[in-house]
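Trainee: Could we go through this model together and test each label against its rule?
Mentor: Gladly, let's have it on the screen.

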Amino acid sequence: MTRLQDLEDQIERAERLERSIGDMLTIERLRQFAAECRREAERLSHRRHRAA
C-alpha cells in the first residue's frame, strides 16, 4: 500500500467514525485529522503529477 492509499484509507475511516459518534470534541478532532490527511494526499498527488 502506498502512502497515498494509506492516507485515503485514513480519511475514509475518520469520516465513517465521525458519523457514528455523538461527542462533538471527538468529531472535531476527526475532522481535523481527515483535513490534514487530505492536505498531505493532495501534496503527494501534485508531486506525482509533476514527476510524470
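Mentor: We will take the helices and overall dimensions, then the salt bridges.

Mentor: This is a predicted model, where local features need pLDDT of at least 70, side-chain atom pairs count only at pLDDT 80 or more, and totals for chains, interfaces and linings use all residues. Residues are numbered from 1 along each chain as its sequence is written, and side-chain values use heavy atoms, with hydrogens and water left out.

Trainee: Thanks! How many helices and strands does the protein have?
Mentor: There are two helices and zero strands. H1 covers residues 3-20 and H2 covers residues 24-51.

Trainee: What radius of gyration does the protein have, against that of a compact globule?
Mentor: The protein has 13 Å, whereas a compact globule of 52 residues would have a value near 10 Å. The radius is taken over C-alpha atoms, and the globule rule is 2.2 Å times the number of residues to the power 0.38. Along the principal axes, the C-alpha atoms fill a box of roughly 45 × 20 × 10 Å.

Trainee: What makes Asp6 and Arg3 a salt bridge?
Mentor: The rule asks for a side-chain nitrogen of Lys or Arg within 4 Å of a carboxyl oxygen of Asp or Glu. In Asp6 and Arg3 the closest N and O atoms are 3.0 Å apart, so the pair qualifies. The two residues are three apart in helix H1, which means a separation of about one helical turn.

Trainee: Why is Asp6 called partly exposed?
Mentor: Buried means under 20% relative accessible area and exposed over 50%, with partly exposed in between (1.4 Å probe, protein chains only). Asp6 has 22%, so Asp6 is partly exposed. Arg3, at 41%, is partly exposed too.

Trainee: Which salt bridge does Arg13 form?
Mentor: Arg13 meets Asp9, at 2.7 Å from N to O. They sit four residues apart in helix H1, so about one helical turn separates them.

Trainee: What is the N to O distance between Arg38 and Glu15?
Mentor: The closest atoms are 2.0 Å apart, and the two form a salt bridge. This pair links distant parts of the chain, with Arg38 in helix H2 and Glu15 in helix H1, 23 residues apart.

Trainee: How many salt bridges are there by this rule?
Mentor: The count comes to six. Arg3, Asp6, Glu40 and Arg43 are linked in a network of them.
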